[in-house]
Amino acid sequence: MELQEVYKGENVNEIIRVLSIYKNEAKIIAGGTDIIIDLRNEKISPKVLIDISNTRELSYIKEEGEFIEIGGATTFTQLIENPLIQENLQGLKKACSLVGSPQIRNKGTIGGNIANGSSAADSIPPLICLNSTITLVSTRGKREVYLEDLYTDMNKTIREDELLTNIRFKKPKPEQILTFSKLGLRKALAISRMSISTLLEINKKGVFKAIKIASGSLGKYPMRELEVEEFLLEKSPDEKTIYKAAKILQESMGKRLKGRSTLPYKREAVIGVFREAVEEGVNWSCERNKIKG
Amino acid sequence: MKKKGVGIGISFYGIGYGNGFPDVSKAVVRLLDGGKIGIYTGATEVGQGSKTVLSQIGAETLKIDSKDILFICEDTSLMPDSGTTAASRQTYNTGNAIKTACEKFREELLDAAQRELGLNSVSGLTMEKGEIYLNFFPHKRISFKELSKTYKDNPIEVEGIFTAQTVEMDSETGQGAPYWPYTFNACGVEVEVDTLTGKVEILKAVFAQDTGRAINPKLVEGQMDGGFAMALGYALFEDLEIDKGRIKNNKFSKYLIPTAMDMIDVKNIIIEDPENTAPYGAKGIGESVTIPITPAILNAIYDAVGVRITEIPVTPSRLLKVLADKA
């Protein structure tokens, strides 16, 4: 199919109307950092492109009570520079700041990262740790799904007439910290070989009161690491425990990536990447507990 | 665990084609309308700065400003051959051809000035800033511009040729003096190796390069930084991954080269020890600046984690494997 038209989406209503007409013959383009490459390589051949890069309604970061909501077409640069995405949300900021290069971060959007759904997408593990939901809108209506379910549950995937309008998550409690660590083979323009994000809380007794872990590139899609979470909960974050937790992660990612040529290296390196993500959080928490007494 | 180590690498490198091979550069110098000087040579500028450096050599010899030189090197119909931009040879070889041409050209201009000024000889004539005058009677003077008008129909033009001196090696014994001159360098680096992920980070680097004479120190530093960056890729990133004769990493998303983020600020030290066969003492450094870096990095890795790497690039997976084999 030859590309015939490009629509410039003024607002959400107009975009979903065009989507409802063309359905799978249409593709949404925001930053285009993935889609242009797919078009060039003829991996996709839509009849219509719907450009949402200038759709104001989709580009924002706002605080709504306990929640933070991010428009689907918000760029990584906007996120990195926003005062809402810092302090104990530093893991999300870090993930966004490690995407590609300044040029890619200026164009690439968080909604695009999610919709493209690469296993190596940097922003997804921290958003999964935050238990984020995404809003999908079509002429048929609106629905919210958990980001975590998006890639696993067939009923929760984005349908051909749907537009991802926003991502929403509850702000973590002040005593909780979101972290991120990534292994790329160079310092910029490197696709993540793997990434780990954690959301954790260490209480006054010095044990994990809360722990959420999500990984990238350790399976077919970004996902929660439930076994590791379960193991760590209520335990103290000493070196031995963290190492044991890393071994559990190694075991489960090993099963998932069985047979892949990259597995032998990833099995080894995952220990370091995991430790970095957890230790970053533990250090932050200990520091905080010290100050707050 | 992160471990630090330091290492050095040293090298020497022969400039030019070497081994008795005919290594010839030519340059033509011509007086142009308006008194500008045209230098025509086949030396190709590939971003290394040869146009700048070779113009400087011409300007120095003729005691004029570089901006009064029209340097033409892109059109083979207008210029003689100066060999390839390879073997780090253009500054040395074509630089010599230009210097020779400019010296001959100077003589021609002085002869022309003698004629035009009605003098007995060229004795006592000084050439500077595009003018020729008699030292003890500066009123007697003529500019390049005036000369160019006089010789409009028969422009003053000379050719300079330089043939490098090298000796073919004895094919039986491998003995001889295949190159001249040589350039020398040394590099020291400090690395940090992450033994959990296998990543190697360069923390600091110091790099000394013998240039004979740095005709343009900024360009020398540019070459040194560029050589370091290339070698950094060679040592740590660039992996073709050949599988049954096919290159697997056949695009730049897979075949990684260092980005600006991966490069560090190298402390560059320029060593000047003029070479007497070279134009103003300057030797070529184009290729030599890549050579000592990788050995320095590999030695630093050895210092950090105690393993000798015998295959490059030292990718994280390769390094982890070597570390595991040792343990």
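Analyst: Helices are DSSP runs of H or I with at least four residues, strands are runs of E with at least two, and both are numbered from the N terminus. On that basis, B:P313 sits in the loop between helix 5 and helix 6 of chain B. The model is predicted.

User: What kind of peptide bond joins B:I312 and B:P313, and how do you know?

Analyst: The bond is cis. Its omega is about 0 degrees. Another cis bond links B:W180 to B:P181, with omega about -5 degrees. B:P181 belongs to the loop between strand 8 (157–163) and strand 9 of chain B.

User: How many helices and strands does the secondary structure of chain B come to?

Analyst: Chain B has six helices and 13 strands.

User: What makes helix 5 of chain B largely enclosed by the rest of the structure?

Analyst: The cut-off for a buried residue is 20 or more other C-beta atoms within 10 Å of its own. In helix 5 of chain B, 10 of the 13 residues are buried, so the helix is largely enclosed. Among the buried residues are B:I293, B:I297, B:L298 and B:V305. B:T294 and B:N299 are also on that list.

User: What covers the buried residues of helix 5 of chain B?

Analyst: The cover includes strand 1, strand 9 (182–194) and strand 10 of chain B. It also includes helix 4 (217–237) and helix 6 (316–326) of chain B.

User: How does the reach of helix 5 of chain B compare with the span expected at 1.5 Å a residue?

Analyst: Helix 5 (residues 293–305) of chain B reaches 19 Å from its first C-alpha to its last. After the helix comes B:G306, with a positive phi near 75 degrees.

User: What about helix 11 of chain A: how far does it reach, and where does it bend?

Analyst: Helix 11 (residues 263–292) of chain A has 30 residues and reaches 43 Å. That is close to the expected 44 Å. The bend is about 35 degrees, at A:A269.

User: Is B:S88 buried or exposed, and how do you know?

Analyst: B:S88 has 22 C-beta neighbours inside 10 Å, so it counts as buried. Its phi is positive, about 55 degrees, although B:S88 is not a glycine. B:S88 lies in the loop between strand 4 and helix 2 (90–117) of chain B.

User: Why is B:K63 called partly exposed?

Analyst: B:K63 has 14 other C-beta atoms within 10 Å. Buried needs 20 or more and exposed means 12 or fewer, so a value in between is partly exposed. B:K63 is not a glycine, yet its phi is positive, about 55 degrees. It is found in the loop between helix 1 (50–62) and strand 4 of chain B.

User: Which residues of strand 4 of chain B form the covered face and which the uncovered one?

Analyst: B:I69 and B:F71 form the covered face of strand 4 (residues 69–72) of chain B. B:L70 and B:I72 form the uncovered one. In a regular strand, side chains alternate between the two faces of the sheet.

User: How do you know that strand 3 of chain B and strand 4 of chain B pair?

Analyst: Pairing requires at least two DSSP bridges between the strands. Strand 3 (residues 37–41) and strand 4 of chain B have four bridges, so they pair, in the parallel sense. B:I37 stands opposite B:I69 in strand 4 of chain B.

User: In which direction do strand 5 of chain B and strand 6 of chain B run, and how many bridges join them?

Analyst: Strand 5 (residues 125–128) and strand 6 (residues 131–134) of chain B run antiparallel, joined by four bridges. B:T126 stands opposite B:Y133. Their hairpin has two residues between the strands, and B:K129 takes a positive phi near 50 degrees.

User: What makes strand 1 and strand 13 of chain B the edge strands of their sheet?

Analyst: The sheet is open, with four strands in the order 1-9-10-13 and mixed pairing. Strand 1 (2–14) and strand 13 (267–271) of chain B each pair on one side only. Neighbouring strands of this sheet are turned by 15 degrees against each other on average, direction ignored. Strand 10 (residues 200–210) and strand 13 of chain B run parallel, with five bridges. In that pair, B:V206 has B:K267 as its bridge partner.

User: How does chain B compare with a compact globule of 327 residues?

Analyst: Such a globule would have a radius of gyration near 20 Å, but chain B has 25 Å. The C-alpha trace of chain B spans about 90 × 45 × 35 Å along its principal axes. Of the 327 residues, 41% count as buried.

Key
Residues numbered from 1 in each chain as written. Chains lettered and ligands numbered in written order. Predicted model: local features only at pLDDT ≥ 70, side-chain atom pairs only at ≥ 80, totals over all residues. Expected span 1.5 Å × (residues − 1). Bend = angle between axes of the 7 residues up to and from the residue. Axes fitted to C-alpha atoms, helices over the stretch in contact; angles between N-to-C directions. Rg over C-alpha atoms; globule rule 2.2 N^0.38 Å. Contact = placed C-beta atoms within 7 Å.
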